[in-house]
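Welcome! Please take a moment with the sequence and the 3D view below, and then we can walk through a few features together.

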There are 2 protein chains.
Amino acid sequence: MRILVLGGDGYLGWPTALHLSRRGHDVGVVDNQVRRHYDLEMGVDSLVPIARLQRRVQCWEEVAGRTLGLYIGDLTDPAFVSSTLADARPEAIVHFAEQRSAPYSMIDRAHAVYTQVNNVVGTLNLLYAIADQDPSIHLVKLGSMGEYGTPNIDIEEGFIEIHHRGRTDTLPYPKSPGSFYHLSKVHDSHNIHFACKIWGLRSTDLNQGVVYGQQTEETALHPDLATRFDYDGVFGTVLNRFVIQAVVGHPLTVYGKGNQTRGMLDIRDTLACIELALLNPPAEGEYRVFNQFTESFSVNQMADMVAKVVPGEHRIDHLTDPRVELEDHYYRAAHTKLLDLGLVPHLLDDDLITSLAQVVERYRDRVIDAAIRPTVEWRRTQSTVSAPARAS
Amino acid sequence: MRILVLGGDGYLGWPTALHLSRRGHDVGVVDNQVRRHYDLEMGVDSLVPIARLQRRVQCWEEVAGRTLGLYIGDLTDPAFVSSTLADARPEAIVHFAEQRSAPYSMIDRAHAVYTQVNNVVGTLNLLYAIADQDPSIHLVKLGSMGEYGTPNIDIEEGFIEIHHRGRTDTLPYPKSPGSFYHLSKVHDSHNIHFACKIWGLRSTDLNQGVVYGQQTEETALHPDLATRFDYDGVFGTVLNRFVIQAVVGHPLTVYGKGNQTRGMLDIRDTLACIELALLNPPAEGEYRVFNQFTESFSVNQMADMVAKVVPGEHRIDHLTDPRVELEDHYYRAAHTKLLDLGLVPHLLDDDLITSLAQVVERYRDRVIDAAIRPTVEWRRTQSTVSAPARAS
């Protein structure tokens, strides 16, 4: 299959591109490399060193003998989107190319507006280009479980059958997202659903949980194929961040009571889910939603697991929650559609945490202590995201 | 009350500003005058001549002895939003300042992107300025009944109590909007709801039906106080358009079967609803939604009414529906909250249609026949919106 991976330079986009390439697909990587710019802006860096994108592509050719197409440009530029699709003539597009950090979107007005414009306009340009050039292209779009929020009823996969005053309809599941970033994904979902309806496009919206892990079969083949490992307060996600804290002797920072529960998945399952979606495309005009996670954990459960598995004594600090979210809530979310397609999950175990800790040990001199704590406060309209000095 | 009316140069914004001013409020008008630019772009014009904005304000001072503040600028410019609020120090803001035509948003990619960026970014800038300067400001935001689409269950006012697998929650009503414009309003609603939650803002989202009528008590006082009367295929709304067609002897153009049913209201009720919302503000942190319409009609019912009331023989043409919408559907939408606050509706009657027809008679030499038919097709990604020649 000819596949374009948008955002193919990022934490998940890059391993996805390699995985699909190795599985025999003809893969092109599209990226504006802005993720590297965010690092410069924040004064932080991936724990694991990341090769330049051109070098990554070259290394993959050396290691795997397979060529990746490379398109460097910005989805908010319609001419770039149009020419890229015309050149690559993809049968499917995997779309990771969005600003993906909730705290980044909450820094201030400019970052909120940037996040929503970047994500929404990029996706609109893509929808128009697909409709213009080839409506049969399958758009696999990364959404987020965070779009749903934490309702007091079961979360379903994208749609819910509602019985109301003696009548029944199946409607889009009501969304209660918790950041301007998550809101941008909700906007995207509505826009994509509409494009499928009016132009007969086909799309799979993958509402993904929080991803943990750093190595995949392909990225482990060479250091220049490694993907990012973020642990800072803006881009770091919870489990990866706890492991780094435990290894470097920083207290594990739980936000609030820690009873917040979220769907989680292993990075290798992200790759498997995307491949399953690609191999089982929706019908013409169909917009479908899969909830892409394998297990639910509370923040406290994750902190306890990491504290138990990583050698040494670990303190767990409960910080005032910088976010506005329920700290105690009901959480049960359906996630059977990908299992029905054949997903065999990697469940979270001690070995995964140990292997993550080993990665951290190897690069612990690169950890910037000052970057670990949260710096962005939801209740403020402006947060100072200082560029921390590198720890000695 | 100190009130800013954003979009105060438009079809509804201007009469709202006058009405609130006459009722003793201290009113400022904010507008970038882009609505006049759309006319230039389309090659059309309001049926009723519209004075320049500065002249309108001056005329109101002459006629009513009351001063309107005037702020000319663009909400997508955060510095303008910030300085306007700092200067006017409003207690409430009525926000009409959005691109409000569904067909305009569906012309092509550029117009879709413009509509969503303009509407979403303007509102985001406003939310940040309110949160920064005075979170107690009551934001009265114009939404649309079109956000809901036509679900097969009753439409409630913004939220719905859902019983699901033995549990219950009240969640945002699921939205199925029918154009990139309506989508932008859905995006706004989600963003405003979130801003109320995190910053304690207070907002009323008025999901308005299709407005008909052209005169209000205040606009009737002087020709330079008149508001717009749009009848073209892009900005004209259904009832006003039928009246013009009937007067000039053009067939009444019903899109599709004409069983599409929509909530409607008289322009004078728009003003009354906004005043009721202002006089009964929500609590701090509260986001509430009112469905702002008074009656539901099918397109066929409206065409029949107009054909009956306007003298002469009238043909009704059923055009292929340029939109993607259900032509037969269930429609029942709650609209009790504004009635509970005291709204006494002007229901649609023959007199209103007759008075509209009289306005058309007065200006019938200004009608551009070629502008009446729909030019924008939802199923295409690009429509040609030609600049029609003025009829002799």
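Is Arg165(A) buried or exposed? Arg165(A) is exposed, as 8 other C-beta atoms lie within 10 Å. Here a residue is buried if 20 or more other C-beta atoms lie within 10 Å of its own, exposed if 12 or fewer, and partly exposed in between, with C-beta atoms placed from the backbone.

Before going on, please note that this is a predicted model, where local features need pLDDT of at least 70, side-chain atom pairs count only at pLDDT 80 or more, and totals for chains, interfaces and linings use all residues. Residues are numbered from 1 along each chain as its sequence is written, while chains are lettered from A and ligands numbered from 1 in the order in which they are written.

Arg165(A) is not a glycine, yet it has a positive phi, and Arg89(A) is another non-glycine with a positive phi.

Helices (H or I, at least four residues) and strands (E, at least two) are DSSP runs, numbered from the N terminus.

Now for helix H9 of chain A, residues 267–279. Eleven of the 13 residues of H9(A) are buried, so this helix is largely enclosed by the rest of the structure. Among the buried ones are Ile267(A), Asp269(A) and Cys273(A).

Technical notes: Expected span 1.5 Å × (residues − 1).
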